[in-house]
Amino acid sequence: MSVTVFLSNTNIQIVVGPGTSKGIKVKRLVSVGVPGGAVLNGVVMDETALVTAIQECWRINKLPKNDVTLILNSPQLRANIIDMPMMPDKKTTEYVQRETKDSRLSKPVSAWYMIEKDPKAKTQKVTAETADGQFIDTYVSIFARAGIKLIDIHDGVNLAINLLKGTTRNRTVVYMILDGTSLVTIFFAKGQYFYHSTKRVFNQPGSGEFAKEIFGAISEIRQFASTQKIDDPIEELQFAGIGEQQVARLAEDMGEIDSSIHLSAVNCPSYVNVKENAKQFPYFVYPVAGLARMSASRLDILTANKKSADKFIRKQNLLRVLVPAIGFLVLLALIYGTIMVFVIIRSNQLAELNRQNSDPATLQDVLRYEEISGVITGVGSRQGGLNMLHKYLDSYPIPDSEVNKIIKTAADKYGVKVIVNSYDSNTGIFSITAQSAEVELINQFIADLMKMDKFEKVDYTGYAAIQDKNGDSGWQINVVCSLAARKTNNSAEGDA
């Protein structure tokens, strides 16, 4: 049995039930108020008050204390959907960490879970979630103090997107979820998710001014659809977070503003089975969405945070090793001081020897030796410089037709289109762009380039999705090839 908790500015909403491969079964729905000012936009302002409220809620309702997932809507827990090439879980984690890197976070933690895969196009969609490690630790600590063990933390909006997507039936629909004064708007066009936004509302549901604010949000969606060249009109607006009477009043007010908008309460999806009081579903969209079974391909944010903490511990252990090493360096400094005293004594002895060597006859021989040595050294240096220059000139890479030929041959082998962008004569670097309908063909092409003696190094950047003139999708990547030095006669003999 799983438990999900949605923590908003005003309420603690709890849903108990299992998530199966066929849908969600809701056994219990629980909602209690949050102490005023204890939580603000997902940020805990009064930990003691929140811990007490959670303890009382669990005690009164006799709720399970294990396998609890926390759902938050907070600017400090950022989530976004990433389209990327299909790859193993470990590579996916590395890709997500690169894409969500944020220098503003002192201890960034990134997690992800799979949404869908397209084996034919070799692509996948994941939801990436990023937060500061301190933010995660705060909530883990709060629930631990209340005697509850968290197993995961998720962004509520993206969970709601995945839950509601199955109810669109390939229509163009807008869902709105009101939580206190926070309004989340989710836009689906022909059943596909396109956009969501969060804004604050300033008027109470049931008033005419509230209807005007809702119409303003609809206008923003229409403007977005126009910029994206989505011509389908909004067929329906479904609202969650307010009662049936308030929805009916809002529908009347919206009809007076724009009669083309069909507004109704959010319906409970057919794959969500609420055991008791199904009419409460519009108030529990976020925690119910948290019960949905996720793909095994994922990295939860608590595990990601623990791995990040383990790295910090390893650094601490390294310091424990360095401290004795520093002590050893101090000992070496003392030894060095002793040696310096000995060196001073020997220097005095050397000075005495120098006085003996200052004899005029000895100095005359020294001057003669230095003169001859200088001449020999000068001639040798010039000859060495000429030899080195000759070697550099012989080995300087030349971007002749042979280079273009081998690149074209390698590209033709896999049907990859190659565009030569530039060549830097100072560095011997070619910049090219490789394009293909399949990622694997580009990988094989780059692998062949890396094997060629003609190039000293081949680097490439991340993939980017493209479309050709016919509308067919594909991939492109920027490749940088550094020409290898040409083999001179001397080097060729050395290889032989």
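1. Lys-27 sits in the loop that links strand 4 (23-26) to strand 5 (28-33). The model is predicted, so keep that in view for every point below. Lys-27 has a relative accessible area of 36%.

2. Together with Lys-22, Lys-25 and Lys-275, Lys-27 forms a patch of positive charge on the surface.

3. Next, a nonpolar patch. About 1100 Å² of nonpolar surface is made by Ile-326, Phe-328, Leu-329, Val-330, Leu-331, Leu-332, Leu-334, Ile-335, Tyr-336, Ile-339, Met-340 and Val-343. One of these residues, Tyr-336, lies in helix 8 (residues 301-356). Tyr-336 is exposed, at a relative accessible area of 52%. The cut-off for exposed is over 50%.

4. Now backbone angles. Most residues other than glycine have a negative phi. Asn-170 has a positive phi, near 60°, and is not a glycine. Where is Asn-170 found? Asn-170 is in the loop between helix 4 (156-165) and strand 13 (173-179). Its relative accessibility is 61%, so Asn-170 counts as exposed.

5. Lys-229 is another entry under this heading. Phi of Lys-229 is positive, near 60°, in a residue other than glycine. Lys-229 is placed in the loop between helix 5 (208-227) and strand 16 (236-240). Is Lys-229 buried or exposed? Lys-229 is exposed, with a relative accessible area of 73%.

Conventions. Residues numbered from 1 in each chain as written. Predicted model: local features only at pLDDT ≥ 70, side-chain atom pairs only at ≥ 80, totals over all residues. Heavy atoms only, no water. Patch = residues over 30% accessible without salt bridge, like charges linked within 9 Å, V, L, I, M, F, W, Y side chains within 5 Å. Areas by Shrake-Rupley, 256 points an atom, 1.4 Å probe, with all protein chains shown as cover. Salt bridge = Lys/Arg side-chain N within 4 Å of Asp/Glu carboxyl O. Lys, Arg positive; Asp, Glu negative; His and termini not counted. Charge placed at Lys NZ, Arg CZ, Asp CG, Glu CD. Helix = DSSP H or I, 4+ residues; strand = E, 2+ residues; numbered from the N terminus. Buried < 20%, exposed > 50% of the residue type's maximum accessible area, 1.4 Å probe, protein only.
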